[in-house]
Number of protein chains: 2
Amino acid sequence: MARDLETALLRSFVTVVREGSISRAATALGHTQPALSQQVRKLESAVGRPLLHRSPSGVTLTRAGEELLPYAQRILSLSAQALTEAGRALTGRCGVGLLEDLAASQLPQALADLARLHPGARLEVLSCSNAAMREAYDEGRVQLVLDEVPDLPGPPRWTVRRPLAWAIGQGVDVAADPLPVVLFSGACSWRTSVLESLESADRRWRVAFESNSLVGVLAAVRAGLGVAALLPTNLEPAMTCHDTDALPSLPDVELGLARHPRSEGDPLIDAVETALRRMN
Amino acid sequence: MARDLETALLRSFVTVVREGSISRAATALGHTQPALSQQVRKLESAVGRPLLHRSPSGVTLTRAGEELLPYAQRILSLSAQALTEAGRALTGRCGVGLLEDLAASQLPQALADLARLHPGARLEVLSCSNAAMREAYDEGRVQLVLDEVPDLPGPPRWTVRRPLAWAIGQGVDVAADPLPVVLFSGACSWRTSVLESLESADRRWRVAFESNSLVGVLAAVRAGLGVAALLPTNLEPAMTCHDTDALPSLPDVELGLARHPRSEGDPLIDAVETALRRMN
DNA sequence: CCTGGCCATAACTATTCATTATGTCAGCTC
DNA sequence: GAGCTGACATAATGAATAGTTATGGCCAGG
């Protein structure tokens, strides 16, 4: 049993998890499928437990895999930080606006790591409605906003596509004819695209619950009120969607980052921006 | 430039730093000197800056090396945690008593990492006089004590030797005939062994300053009041001892861990114990 | 001036890793 | 239900990698 976990293997692992399949992760990393298969196997033998359930339609995490994932993400994030900002004692203040779905993921963790290693830097994370976000951006209270591209308060400096997944509550019948759907009430811009994908699959639906917060949506799904379309990071294990479901496939969302022009050249904000970008 | 820092290289790096020499690190890791030389070089090329000043008497950290070190230590600590406690959702409470010199090192950082990954666990770190420590141990407020072996409140479960180093303030003449020495005032049990090593080298000395806290000792040394014997982790860069100094070589200290018998079998305390042990 | 400790370099070797090629399995289509 | 498709596993080959031995330079101490 190896003494340390190799970062290369951890990188492969998180990529496999993110892509949901060994083959896709292989192409994403510029390698072949057997190479990734081998790496995952090696990581499993280092940990001593299987990390993935293999199936002919892809892979899902085992219990051990779920346990390892947050460690792997933090190790990679620290390693990337060490490579870029290594200790340059950043100071100043940086406000970050996040889509609420992202504020619940491991992203704030990475920002906290960054703040801890730069005691002179002050990071503030904000998550609110699009209107309030734009105001904060215009007033210079947040310099960086990571959100859906159409909702950004400025032109995107870069973008990234993320898949959506169905979150299915306990006891919900996914075949129910008017499908009970749990929605964000605000101007969530993937709301329409989700409903469109239902209609183009000829599924009738009804709004079972609306909430303007992620915790509200999650609670509703957990309580079995219906299904919701969420980023895979925010799914609780019990809500995992079984790929072969009767639900239509969901569109990707396109996230982007806007940066306030006046913050150009600030080293702290550079560092935070690359930290956000690294989160894929 | 590699995307991630390989843990194997980081392991080599921290070992080299700890041992103060590439050759010694090589034997410590069970490899040869050229292999370690190569690894350090590879890490340097990954970071893009030299990490070590090489000299015929060993190596010292460059600025970049000092910046990388804490990242490397945290990454290795997380990796080791992932291998052992991976996510087993530990809960409960654990009190840890630390020698003050250790409470200032990267050790509390590792404990904080552990606490953060186990939100249900409550860790309390205590650093106080030997008498108060024994009382806390007897009353069950601390289950683990890491201290010098003679001062432990119970039998050591394991021990580890650490070197001492001279901390030399700016402008202090190390050849001064009554050597000005800064000491811990309490019952610091390496106090006597340090003074013995001076006497056996026929050096006369005088107490220039006494303090019962590490910060006090450090401040005194920083102010140029004299020299002190400390763990290398606690030396500030400006105090680095130039090995070839006129000061006698210092004995090692022997640290050990005592664990309260009633805590036997508690998984959280097991985890904290191995975390402490990993810190070498 | 020689010796010993330490690091760098070079040449060689062994291992490791990724690739190509092939096999197996499950689900889907017709 | 036969055949197709997509996904992962396995095996064998070849290239890149990392470790070892051997050697040289440098500085300090005797």
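Modeller: Happy to. The contact (heavy atoms within 4.5 Å) takes 32 residues from chain B and 32 residues from chain A. This is a predicted model, in which local features need pLDDT of at least 70, side-chain atom pairs count only at pLDDT 80 or more, and totals for chains, interfaces and linings use all residues. Residues are numbered from 1 along each chain as its sequence is written, chains are lettered from A and ligands numbered from 1 in the order in which they are written, and side-chain values use heavy atoms, with hydrogens and water left out.

About 3,200 Å² is buried between chain B and chain A, with carbon and sulfur atoms giving 54% of that area. In chain B, the residues that lose the most area to chain A are B:Tyr71, B:Leu83 and B:Arg116, together 24% of what that side buries. Buried area here is the accessible area (1.4 Å probe) that two parts lose on being put together, summed over both.

Now to the pairs. Three salt bridges are counted between chain B and chain A, a salt bridge being a side-chain nitrogen of Lys or Arg within 4 Å of a carboxyl oxygen of Asp or Glu. B:Arg74 forms a salt bridge with A:Asp113, and their closest N and O atoms are 3.5 Å apart. Across the interface of chain B and chain A, eight residue pairs are in polar contact, both residues at pLDDT 80 or more. A polar contact is a pair of N or O atoms within 3.5 Å; within protein, one must be able to donate a hydrogen and the other to accept it, and residues adjacent in sequence count only if both atoms are side-chain atoms.

On the side of chain B that touches chain A, at least two residues each come from α1 (7–19), α3 (33–47), α4 (63–84) and α6 (107–117) of chain B. α4(B) gives the most to that side, with twelve residues. Helices (H or I, at least four residues) and strands (E, at least two) are DSSP runs, numbered from the N terminus. By residue class, the side of chain B that touches chain A has 15 nonpolar, seven polar and ten charged residues. Ala, Val, Leu, Ile, Met, Phe, Trp, Tyr, Cys and Pro count as nonpolar, Asp, Glu, Lys and Arg as charged, and the others, Gly among them, as polar.

For context, a search of the whole structure finds 29 salt bridges over all chains. One of them joins the side chains of A:Glu273 and A:Arg259 (2.8 Å, N to O). A:Glu273 lies in helix α10 (residues 267–278) of chain A and A:Arg259 in strand β11 (residues 253–259) of chain A, so this pair ties together parts that are 14 residues apart in sequence.

To return to your interface, chain B brings 32 residues to the contact, as does chain A, and α4(B), with its twelve residues, gives the most to the chain B side.
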